[in-house]
Amino acid sequence: MNALLLAGGMGTRLRPLTDHMPKPMALVGNRPWLEHLVLQLKNQGFSDFVMAVQYYSEQIRNYFGDGSKWGVRIRYAVEHTLRGTAGAIKNAEPYLDDRFVVVNADIVQEADLADLLEFHRMRGGLVTIGLTEVEDPSHYGVIEQDGEDRIIRFVEKPRRDEAPSNRINAGIYVMEKQSLQYIPDHREVSIERETFPLLIKENAGVYGKVISGYWMDMGTKERYRAIHWDLLNRVCRLPLDGEERGSGIWIGDRSEIAPGALLIPPVLIGNGCKIGERSIVGPFAVLGDNCEIGKGVRCSETIMWDNCTAHDAVHLNNCILGYGLEVGSRQIMHEAVMNRMEAKEA
Ligand code: GTP
């Protein structure tokens, strides 16, 4: 059974980080999330992947190639223009097995797919939607089920007191290939707004099962940050590269911390970083590979991608810096999210 990863969207809400890259390639703990996802699914027994790509598709293709570096097979279903979440699945039809798994590639999660597959087999529907329970469902499409776990209704962004449940679509599906006949060809189709409601109306067998484990979509900057803090707190258990030196301090290879610099946990430092004298990094800081922090810098609640430089006496709080940015000395930045003008490979 293959896994289809939906990775073609424009990620507009995560701009400017996604100005020149697909959202699933955004770093999560110093590694593109899409790579974590491939490895995680590989650990669950998947070896055959299809990536549905469009926006900056060449970056994904160049990074993963045929997948052999990761010990898996990866093929690409490229859309000429964006087809939407269901249109992308339809476009990938020639590559898909009779039963397949679809995963939104912008959701950081640790779902156990064996459970979902077993549930799908038992219920025998055309589609099983992985569900997650959230405290405030008012920003999401909320699900109503009958006593047999069949989904009977989606309520889009209900008021909190009118939500039929706190269960939402987790962006992970098990699908039978027959369900693709409900998706029109050659146009943009949304799975949430069009295909699932149609399948429900036709009584085609759409079931929902709550998945276990961490779940957070990285669609907005706030959630992108939150994922990192969860990662550093180990609420999210994705592997972190680097050696754990002291509780909550991870440091990569060849990184130099000057005497007199202070790391306040939790902190993740990539490979080949330099941190100057009297600088204080953390709590909640993630530095990508080859970042340079000058002297007397203050850096907290901040995520830097690879090859960034913060010169002497810079203060950074609650910032996200894309690849290769440089912050001049004595700058004070609070809640800045920055990227370069042009596309930059990692
Ligand atoms: P926003 O523009 O911020 O809404 O982000 P998005 O459209 O990239 O993501 P959204 O949350 O709407 O989509 C969920 C997942 O489906 C993401 O992983 C997207 O990359 C992917 N996706 C969305 N639309 C398409 C599409 O038209 N084609 C493909 N191949 N993937 C898509």
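## Close-up views of a predicted model

**View 1: What lines the largest pocket.** The lining of the largest pocket is made of 15 nonpolar, 14 polar and eleven charged residues. Here Ala, Val, Leu, Ile, Met, Phe, Trp, Tyr, Cys and Pro count as nonpolar, Asp, Glu, Lys and Arg as charged, and the others, Gly among them, as polar. This is a predicted model, in which local features need pLDDT of at least 70 and side-chain atom pairs count only at pLDDT 80 or more, while totals for chains, interfaces and linings use all residues. Residues are numbered from 1 along each chain as its sequence is written, and side-chain values use heavy atoms, with hydrogens and water left out.

View 2: (A pocket is an open set of points on a 1 Å grid over the protein atoms alone, where a 1.4 Å probe fits, with protein on both sides within 12 Å along at least five of seven lines; lining residues have an atom within 4 Å of a point. Points are joined across faces, edges and corners, and the volume is the space filled by probe spheres set on them.) Which residues of the lining are closest to the pocket centre? Of the 40 lining residues, they are Arg13, Thr85, Asn104, Asp106 and Glu192. Helix H3 (84-91), strand S8 (151-156), strand S9 (167-176), helix H5 (191-201) and strand S11 (215-217) each give at least two residues to the lining. S9 makes the largest contribution, with four residues. (Helices, H or I of at least four residues, and strands, E of at least two, are DSSP runs numbered from the N terminus.)

View 3: Follow strand S7 (residues 141-145) into S8: the two are antiparallel partners over five bridges. (Strands pair if DSSP finds at least two bridges between them.) Glu144 sits opposite Arg153 in S8. Five residues separate S7 and S8 in this hairpin, and Asp149 in the turn has a positive phi of about 70°. An unreviewed UniProt entry gives residues 3-232 the feature "domain: Nucleotidyl transferase"; such annotations, in the numbering used here and with shortened names, may be inferred rather than shown by experiment. That span, 3-232, is 27% helix and 27% strand, and its end C-alpha atoms are 28 Å apart.

**View 4: A sheet of seven strands.** Read the order of this open, mixed sheet as S12-S13-S16-S19-S22-S25-S28. Look for Glu244 opposite Trp250 in S13.

**View 5: A parallel sheet of five strands.** This second open sheet is ordered S15-S18-S21-S24-S27, and its pairing is parallel. Strand S15 (262-263) and strand S27 (332-334) are its edges; each has a single partner strand, so one side of each lacks a neighbour in the sheet. Two bridges connect strand S18 (residues 280-281) with strand S21 (residues 298-300), and Val281 faces Cys299 in S21. According to an unreviewed UniProt entry, residues 264-334 carry "domain: Mannose-1-phosphate guanyltransferase C-terminal". The span 264-334 is 0% helix and 42% strand, with 19 Å between its end C-alpha atoms.

**View 6: Some backbone details in the loops.** Most residues other than glycine have a negative phi, and most peptide bonds are trans. Yet the bond from Arg15 to Pro16 is cis, with omega near 5°; Pro16 belongs to the loop between strand S1 (2-6) and helix H1 (33-43). Pro265 and Pro266 are also linked by a cis peptide bond, with omega about 0°, and Pro266 is in the loop between S15 and S16. Arg254 has a positive phi, near 60°, and can be found in the loop between S13 and strand S14 (256-257).
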